[in-house]
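Here is a friendly walk through one protein model, from its overall make-up down to single residues. Please keep the viewer open as you read.

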Amino acid sequence: MTTENQENTSAPAVATATAAADENKIMTERRAKLAAIREKGVAFPNDFKPQHKAAELIEQFGALTREELEEKAIPVVLAGRMMLKREAGKKAAFATLQDASGVRADGRIQIYVTLDATGAQAMEDFRTYDLGDILGVEGTLFKTKVDELTIKVTTLRLITKSLRPLPDKFHGLADQETKYRQRYVDLIMNEETRRTFKARTAALSSMRRFMEKNDFMEVETPMLHPIPGGAAAKPFTTHHNALDMQMFLRIAPELYLKRLVVGGFDRVFEVNRNFRNEGVSIRHNPEFTMMEFYAAYTNYTWLMDFTEAIIRQAAVDAQGTAVLSYGGRELDLSKPFQRLTIVDAINKYAPGYTPEQLEDAEFIKAELKKFGVKPFATAGLGALQLALFEETAESQLWEPTYIIDYPVEVSPLARASDTRAGITERFELFMVGREIANGFSELNDPEDQAARFLSQVEAKDAGDEEAMYYDADYIRALEYGMPPAGGCGIGIDRLIMILTDSPNIRDVLLFPHLRKED
């Protein structure tokens with residue numbers, strides 16, 4: 001038994017060592033090829049200019065017959081990475097080149113290298129090329145006997161020599177952590193990964209177009225803040241040597257964007273990177289992307305309609321439809337989003353509580369204790385109801401749902417309701433059981449805002465590391481007068497997870513944060 005266990009334990013280490021030895025051998029052979037290329041001239045040329053893309057050629061000419069292609073003799077100049085290669089006798093060979101084309105297409109096209117059309121020297125050189133090499137080709141389009149669109153090569157050049165071998169073509173890049181650490185290899189090998197990030201770009205482009213169409217101006221605000229503000233979060237701290245002062249990486253751009261509303265820019269937005277010194281999970285990354293926007297003379301009901309329209313259009317532009325599938329379950333963004341209060345959501349998704357129980361702070365504290373949640377001693381009824389909602393109902397909000405009317409004590413920057421004491425005009429948008437957006441009618445009363453900041457300072461002194469600081473300059477800005485406004489932040493990473501059916505936030509971040517490799 002002991003011997004078997006020792007053998008089983010050592011097997012992965014042996015396999016790893018063998019793979020490393022094989023890779024070193026291959027790299028030694030490829031470096032020798034590169035040395036020979038250097039002796040002949042320029043090893044990494046930069047004078048080849050591709051004029052075509054694989055996906056565009058397939059889309060434009062893929063439906064033509066062999067006879068039509070032969071008659072048209074369509075010239076092609078294309079560059080791509082060689083992903084497959086097979087000999088077709090001594091006088092011909094096929095290969096597959098992959099380029100960056102196509103949002104929903106693979107971006108691969110076959111090439112045909114022959115002794116007659118390409119030449120003896122080029123044919124000889126081609127036989128020394130390896131998978132992963134980047135080639136430049138010129139030729140004409142034709143179709144093979146199995147009707148595959150192919151480039152008949154007349155000119156062939158090695159553009160970049162690949163020294164490190166690609167993963168085995170049959171198994172691809174299977175290890176998830178390696179995919180995150182070596183995203184460049186993941187992008188080469190996995191079509192689905194390429195599609196995910198092209199969809200991310202398409203969604204962001206859609207959101208920017210939507211904002212500009214609605215008269216919003218894109219702006220940039222600082223990422224280094226003297227005072228962290230705009231959200232309840234623990235910041236990253238750093239030191240500015242020249243100014244000899246502590247600074248914080250941005251947790252949110254909110255207070256700077258609202259300063260611009262004070263200054264007269266009625267509609268502003270920013271696609272921004274935020275940093276929060278908090279946990280890492282399948283839904284959280286300490287560095288993340290949001291789009292925040294502010295519009296003067298609007299309120300939170302207008303914001304909900306507008307945010308819904310942004311997200312629906314982003315889905316259509318990124319995936320061609322607003323009816324998505326996430327984790328094998330349908331998610332319909334084409335229908336109006338639901339709106340519920342915190343208590344309404346608890347009653348709907350965790351039925352069994354009486355109205356009296358949900359108004360009893362001591363009862364809710366006892367319930368939260370069952371979930372292992374210990375609220376701050378300063379938490380009022382509204383904060384306790386929110387905590388109960390998070391434990392009982394939040395994860396069940398599959399269809400897009402706005403949770404509205406948050407308590408003042410957990411909404412220090414939101415405008416208080418004129419008709420309901422202790423409640424703000426605030427919402428959070430949830431879908432597939434997670435928060436996607438947060439917005440509210442903005443608090444523009446400088447005296448009320450100052451009092452709220454002081455309450456946050458008291459909470460921080462009581463041990464709440466995520467409570468806000470007092471920002472005297474922001475109060476000064478409000479004292480000049482800010483028009484009534486609404487503002488919202490949309491979590492881009494989580495939204496892209498939903499649009500691309502990705503279970504892990506790292507799947508939609510090109511370079512997610514990981515522990516040190518060693």
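A contact here means heavy atoms within 4.5 Å. By that definition, residues 24 or more positions apart account for 66% of the contacts in the protein with a separation of 6 or more. The model is a predicted one, in which local features need pLDDT of at least 70 and side-chain atom pairs count only at pLDDT 80 or more, while totals for chains, interfaces and linings use all residues. Residues are numbered from 1 along each chain as its sequence is written, and side-chain values use heavy atoms, with hydrogens and water left out.

**Overall picture**

The protein has 17 helices and 18 strands; these are DSSP runs numbered from the N terminus, with helices being H or I of at least four residues and strands being E of at least two. Its C-alpha trace spans about 85 × 65 × 55 Å along the principal axes. Of the 518 residues, 46% are buried. Buried stands for under 20% relative accessible area, exposed for over 50%, and partly exposed for what falls in between, with a 1.4 Å probe and protein chains only.

**The cores**

A nonpolar core is a set of buried Ala, Val, Leu, Ile, Met, Phe, Trp, Tyr and Cys residues joined through side-chain atoms within 4.5 Å. In general, nonpolar side chains tend to be buried together in soluble globular proteins. The largest such core in this model has 47 residues, and those with the most contacts inside it are M291, F293, I310, L333, M431, I490 and L499. Helix α10 (residues 300–319) supplies the largest share of this core, nine residues. Apart from it lies another core, of 26 residues, with L97, I111, V137 and L158 among them.

Which residues does F293 touch, not counting those up to four places away in sequence? The list includes M211, F216, V268 and F269, along with L303, F306, T307 and I310, and also G486, G487, C488 and I490.

The table sets two packed pairs of helices side by side.

A crossing is left-handed if the near helix is turned anticlockwise from the far one by less than a right angle, and right-handed if clockwise. The crossing of α8 and α17 is right-handed, whereas α11 passes α14 in a left-handed one.

For α11 and α14, the contact is made by I342, V343, A345, I346 and Y349 on the α11 side and by Q385, L386, L388, F389 and T392 on the α14 side. Sorted by class, this contact has eight nonpolar, two polar and no charged residues. The classes take Ala, Val, Leu, Ile, Met, Phe, Trp, Tyr, Cys and Pro as nonpolar, Asp, Glu, Lys and Arg as charged, and the others, Gly among them, as polar.

In the other pair, R200, A203, L204 and M207 of α8 meet I492, D493, L495, I496 and L499 of α17. That contact has seven nonpolar, no polar and two charged residues.

**Helix α9 and its cover**

In helix α9 (residues 254–262), the buried residues are E254, L255, L257, K258, R259 and V261. Their cover includes strands β10 (267–275), β11 (287–296) and β17 (434–441), together with helices α15 (446–461) and α16 (472–480). Just after α9, G264 takes a positive phi of about 115 degrees.

**Loop residues**

D215 has a positive phi of about 70 degrees although it is not a glycine. This residue sits in the loop between α8 and β6 (217–218). Is D215 buried or exposed? At 63% relative accessibility, D215 counts as exposed.

D405 also has a positive phi, of about 60 degrees, without being a glycine. The loop that holds D405 runs between β15 (401–404) and β16 (426–431), and D405 is buried, with a relative accessible area of 14%.

P484 is found in the loop between α16 and β18 (485–491). With 44% relative accessibility, P484 counts as partly exposed. Leaving aside neighbours within four places in sequence, P484 is in contact with A295, A296, Y297, T298 and N444.
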